[in-house]
Amino acid sequence: MQKIFIKYTVVIMTTAIFLILFINFLFSLHTLKNQQFESFNIKTEQVIHTLENNQEELKIMNENLDEDYRQGQRQQHIYLNARKKLK
């Protein structure tokens, strides 16, 4: 009788342990998926922010290049006028 009790107790304890481990696995899997999703969202926002900053910097660089080009044209015009006067 006692052997049967011990046998069933061991079976029940083993089943309970495996059930607890399985539930723990499911919770861990769920948590891992949530963390990956959050990490993906954070990285996506960082990429978007970087692209927006790059776009702003490109706009500023284009404005500076336009100004440099205009200034170069003015200097070239002045140089050509000075050359014409010397001839």
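This briefing describes the fold, surface, charges and selected residues of the structure above.

The model is predicted, so local features need pLDDT of at least 70 and side-chain atom pairs count only at pLDDT 80 or more, while totals for chains, interfaces and linings use all residues. Residues are numbered from 1 along each chain as its sequence is written, and side-chain values use heavy atoms, with hydrogens and water left out. The chain has one helix and zero strands; helices (H or I, at least four residues) and strands (E, at least two) are DSSP runs numbered from the N terminus. Its radius of gyration is 37 Å, well over the 12 Å that the globule rule gives for 87 residues, so the chain is more spread out than a compact globule. That radius is taken over C-alpha atoms, and the globule rule is 2.2 Å times the number of residues to the power 0.38.

**Overall form and surface**

- Helix α1 covers residues 2–86.
- The C-alpha trace of the chain spans about 125 × 15 × 5 Å along its principal axes.
- Of the 87 residues in the chain, 0% are buried; buried means under 20% relative accessible area, exposed over 50%, and partly exposed in between (1.4 Å probe, protein chains only).
- Accessible areas come from the Shrake-Rupley method with a 1.4 Å probe, and for residues only the protein chains shown count as cover.

**Nonpolar patch**

- Leu19, Phe22, Ile23, Phe25, Leu26, Phe27 and Leu29 make a nonpolar surface patch of about 690 Å².
- Patches are made of residues with over 30% relative accessible area and no salt bridge, with like charges joined within 9 Å and nonpolar side chains (Val, Leu, Ile, Met, Phe, Trp, Tyr) within 5 Å.
- Phenylalanine 27 lies in helix α1 and counts as exposed because its relative accessibility is 55%.

**Charges and the salt bridge**

- There are 11 positive and 9 negative side chains, and the centres of the two sets lie 8 Å apart. Lys and Arg count as positive and Asp and Glu as negative, whereas His and the chain ends are not counted. Each charge is placed at NZ of Lys, CZ of Arg, CG of Asp or CD of Glu.
- Side chains of opposite charge can pair when their charged atoms come close.
- The count comes to one salt bridge, defined as a side-chain nitrogen of Lys or Arg within 4 Å of a carboxyl oxygen of Asp or Glu.
- Glutamate 67 forms a salt bridge with arginine 70, and their closest N and O atoms are 3.1 Å apart.
- Glutamate 67 and arginine 70 are three residues apart in helix α1, so about one helical turn separates them.
- Glutamate 67 is partly exposed at 37% relative accessibility, and arginine 70 is partly exposed at 40%.

**Selected positions and distances along the helix**

- Asparagine 41, in helix α1, is partly exposed at 30% relative accessibility. Its C-alpha atom is separated by 29 Å from that of isoleucine 60, 19 residues apart along the chain.
- Leucine 51, also placed in helix α1, is exposed with a relative accessible area of 52%. Leucine 51 and phenylalanine 18 are 33 residues apart in sequence and 49 Å apart in space, C-alpha to C-alpha.
- Asparagine 54 is in helix α1 and is partly exposed at 36% relative accessibility. From asparagine 54 to threonine 15 the C-alpha separation is 58 Å, and the two are 39 residues apart in sequence.
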